[in-house]
Amino acid sequence: SGPAEMGRTLRTNLLFLSAERKLKTLLVTSPLPQEGKTTVTVQTSIALAMAGGRTLLVEADLRRPRLAETFSIENDVGMSLYLADNKRKATEAISKTEVEQLDVAVCGPIPPNPAELLGTPRFDEFLQEVASDYDTILIDSPPVNAVADALIISSRVDGVLLVAKSAKTTTEVLRQAQKSLQSIDAPLLGLVLNDMNDAQLGYYRHRYYRKNYYSLTEEERQARANKPSLEVVKS
């Protein structure tokens, strides 16, 4: 499927980037709601797990959780209860999925104070407690322009991916999200452009192959083929 192929493509790009820097914990966010960040996070986590890497998907969107429904998992225990109760262990918030090598920590009961819970040392304790059990930890967070939750977490991870929706996300809100993340020195890896239609893809393929690709030298083609496609948004 299209989303699955997207996840595999993003997985490949992340593997290229991980050769240059440590990428154990990754936060995925977007400027505004309904831009596809959760879909991107889920598909990427599945792709990483299917490639053989032990993967944990963490739901840090404690306001509008979706992962329990997505994976058909009970939502009675999850991150919210772990963060609120110092006696709980991280394993109590984690459930297995039908995808081999992929576990998920769902939201749990929706709390009245999500930002406060995510800002406590308990969130760092959770990441430290599960770090040795997984190769990659993907964190799905609320939109960065809507609430402060993503900013609270972003400085505590190895990398941040910003998801934008084609033909919906405006340049203005995208730059606002970028500046907010950069203002706290968040490790912004780049932009994932989501939901491009076939006409748009055909246009870019045409430009790449017809106008640029065959005019390059063999060395330039190899360099382009090996270069990760994630790019930080330019202001």
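This talk covers the salt bridges and ring contacts in one structure. The model is predicted.

Let's start with charge. How many salt bridges does the structure hold? Nine. I'll walk through some of them.

Begin at Lys 37. This residue sits in helix 2, which spans residues 37-50. Its side chain meets that of Asp 61 in a salt bridge, 3.5 Å from N to O. Where is Asp 61? Look in the loop between strand 2 (55-59) and helix 3 (67-71). Lys 37 and Asp 61 are 24 residues apart in sequence, so their bridge ties together separate parts of the chain.

Lys 37 has another partner. That partner is Asp 140, and here the closest N and O atoms are 3.1 Å apart. Asp 140 belongs to strand 5, residues 136-140. The pair is 103 residues apart, so follow the chain a while before you find the second residue; these are distant parts.

Lys 37, Asp 61 and Asp 140 are linked in a network of salt bridges.

Next bridge. Asp 103 and Arg 54 meet through their side chains, with N to O at 3.5 Å. Asp 103 is in strand 4, residues 102-105. Arg 54 is in the loop between helix 2 and strand 2. They are 49 residues apart, and the pair links distant parts of the chain. Now check accessibility. Asp 103 comes out at 5%, so it counts as buried. Arg 54 comes out at 25%, so it counts as partly exposed. The cut-off for buried is under 20%.

Now the rings. A pair of aromatic rings is described by the distance of the centres and the angle of the planes. The count here is one aromatic pair. Which rings form it? Tyr 82 and Phe 126. Their centres are 5.4 Å apart and their planes lie at 70 degrees, so the pair is edge-to-face. Over 60 degrees is what edge-to-face requires.

Tyr 82 is in helix 4 (residues 79-84), and Phe 126 is in helix 6 (residues 121-130). The pair therefore ties together parts 44 residues apart in sequence. Tyr 82, at 1% relative accessibility, counts as buried. Phe 126, at 0%, counts as buried too.

One last contact. What sits over the ring of Tyr 82? The charged end of Arg 122, 3.8 Å from the ring centre.

Methods
Residues numbered from 1 in each chain as written. Predicted model: local features only at pLDDT ≥ 70, side-chain atom pairs only at ≥ 80, totals over all residues. Heavy atoms only, no water. Salt bridge = Lys/Arg side-chain N within 4 Å of Asp/Glu carboxyl O. Helix = DSSP H or I, 4+ residues; strand = E, 2+ residues; numbered from the N terminus. Buried < 20%, exposed > 50% of the residue type's maximum accessible area, 1.4 Å probe, protein only. Phe/Tyr/Trp six-rings, centres within 6.5 Å; stacked < 30°, edge-to-face > 60°. Lys NZ or Arg CZ within 6 Å of the ring centre and 35° of its normal.
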